[in-house]
There are 2 protein chains.
Amino acid sequence: MGRPKNFSREEVLEKAMPVFWKHGFADTSLQELERATGVNKSGLYTEFRDKEDLFVECLRHYVESQEKRGFLTREPLGWKNVEAFLKHGPLNKGEQQGCFSVNSMREFAILPDEAYGVVTENRALLQRLLAMNIEAEKPAMAALAIAEMVLSFFSGLCIESNLKSGKASSNRKIDNFMTALRSL
Amino acid sequence: MGRPKNFSREEVLEKAMPVFWKHGFADTSLQELERATGVNKSGLYTEFRDKEDLFVECLRHYVESQEKRGFLTREPLGWKNVEAFLKHGPLNKGEQQGCFSVNSMREFAILPDEAYGVVTENRALLQRLLAMNIEAEKPAMAALAIAEMVLSFFSGLCIESNLKSGKASSNRKIDNFMTALRSL
DNA sequence: GAGATATTGAACTATTTGGTTCTTTATCGG
DNA sequence: CCGATAAAGAACCAAATAGTTCAATATCTC
């Protein structure tokens, strides 16, 4: 059977993700990835095809982990869920600021096509979930149209978390946005 | 007096800007900058301190050129201006997609501090101008609070222009957002 | 036109990049 | 405990990177 490896794919993804999250693809070197994961190049290259592959897998891992948080599926569906999504979706702990998926959009030009697919599928899913929650509130405006707006606003919040403006100001914006939504 | 140089600082900024705009800082090489500007390294380095300096100057140039477009100062002030700002602010011609300033936010980690300053000052100005236009419409909610929301939504639109979803869908979102705003 | 002066272009450098390969080492099944 | 097997570590590589230097060249003033 031979020697067992002393790292799991999951572990590596978990540790590599924050690096890509913070620095993006272009500005992340293999050295940094080795240091962050504790696995050296030879290990990384047996587990992943190349840097691009590792990046895409991190992105997938991120998307899945976000979906598991399930802000938009808690019963009862409604504005409360939308608010929770906006408030707790964009992370803000240490390296992980904003949303890895949104951050990646800026780099599509140099990212493999798969990355584009992962991001857009995730966005499509979010939009559906948002629409479901909005539908439950029976607003006058079309639920899907509102969902689109919410997603754009969310994306804005995410990149703005690169500013050092703090959680308070972001929460204030969300509160105002929610009162606007509730009046639709 | 010696030999006159055959390029102007303005020209260089104008040509280098789209490159940084599209590829960001980390993924733009000096080679690309030479090719795009038609000025070789030695020329670039006599005009600018280094790559970081050139980037910041491009950013400044961008911000100034955007301010000159003056969407938010046309009389009469009001929702119309806000709508125009959202619709025509994020560019979409060729290399230039979205907003260079918003794009740059993603790279603060590796950008010189000056870049942060340029971006935040620009945002502060935009917020003030937005607030003025909103104030003119006398909404129930505080004008500054609305202005903040608009800026976040704008930022979202900007990064979303990296998606191939087209101008139509973005305009639809803006229309919906504007009807929400007008009801505040 | 001569000489001073400043730009230009290209050669050069040191470092870092992503990626490969090969030896060493640990662990398993028998 | 032995031999097969697979991972780990490190040396290695070619290409690209930002940045420098210097000789060639073009233009100005006098």
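**Exercise 1. Helix 1 and helix 4 of chain B**

Task: In this predicted model, work out how helix 1 of chain B and helix 4 of chain B are oriented to each other.

Solution. Start with the axes: those of helix 1 and helix 4 (residues 51–69) of chain B come within 9 Å and cross at roughly 100 degrees. Next, recall that angles of 65 to 115 degrees count as roughly perpendicular. The two helices of chain B are therefore roughly perpendicular to each other.

Now look at who meets whom. Helix 1 of chain B brings B:Leu13, B:Ala16, B:Met17 and B:Phe20, while helix 4 of chain B brings B:Leu54, B:Phe55, B:Glu57, B:Cys58, B:His61 and B:Tyr62. Sorted by class, this contact holds eight nonpolar residues, one polar and one charged.

**Exercise 2. Helix 1 and helix 2 of chain A**

Task: Decide which term describes the orientation of helix 1 of chain A to helix 2 of chain A, and find the handedness of their crossing.

Solution. Take the geometry to begin with. Helix 1 (residues 9–23) and helix 2 (residues 30–37) of chain A have axes that come within 9 Å and cross at roughly 130 degrees. That angle makes helix 1 of chain A oblique to helix 2 of chain A. As for handedness, the crossing of these two helices of chain A is right-handed.

Then list the residues in contact. From helix 1 of chain A they are A:Val12, A:Lys15, A:Ala16 and A:Val19, and from helix 2 of chain A they are A:Glu32, A:Leu33, A:Ala36 and A:Thr37. Five of these are nonpolar, one is polar and two are charged.

**Exercise 3. The fold of chain A**

Task: How many helices and strands does chain A have, and in what order do they follow along the sequence?

Solution. Count the elements: chain A has nine helices and two strands. Reading along the sequence of chain A gives α-α-α-α-α-β-β-α-α-α-α. To finish, the C-alpha trace of chain A spans about 65 × 35 × 30 Å along its principal axes.

**Exercise 4. Two chains, one axis**

Solution. The same surface serves both copies, as 100% of the contact residues of chain B recur in chain A.

Turn to the contact itself, where 33 residues of chain B touch 33 residues of chain A. On the chain B side, helix 1 (9–23), helix 6 (100–105), helix 8 (143–160) and helix 9 (166–182) each supply at least two residues. Helix 8 of chain B gives the most, with 11 residues.

**Exercise 5. Around DNA strand C**

Solution. Begin with the neighbours: 23 residues surround DNA strand C, and the closest are A:Arg3, A:Ser29, B:Gly2, B:Lys5 and B:Ser42. Continue with the elements that give two or more residues: helix 2 and helix 3 (41–47) of chain A, and helix 3 (41–47) of chain B. Helix 3 of chain B has the largest share, at four residues. Finally, sort the surface near DNA strand C by class: six residues are nonpolar, 10 polar and seven charged.

Technical notes:
Residues numbered from 1 in each chain as written. Chains lettered and ligands numbered in written order. Predicted model: local features only at pLDDT ≥ 70, side-chain atom pairs only at ≥ 80, totals over all residues. Axes fitted to C-alpha atoms, helices over the stretch in contact; angles between N-to-C directions. Parallel < 35°, antiparallel > 145°, perpendicular 65-115°, else oblique. Left-handed = near helix turned anticlockwise from the far one by under 90°. Contact = placed C-beta atoms within 7 Å. Nonpolar A, V, L, I, M, F, W, Y, C, P; charged D, E, K, R; others polar. Near = placed C-beta within 6 Å.
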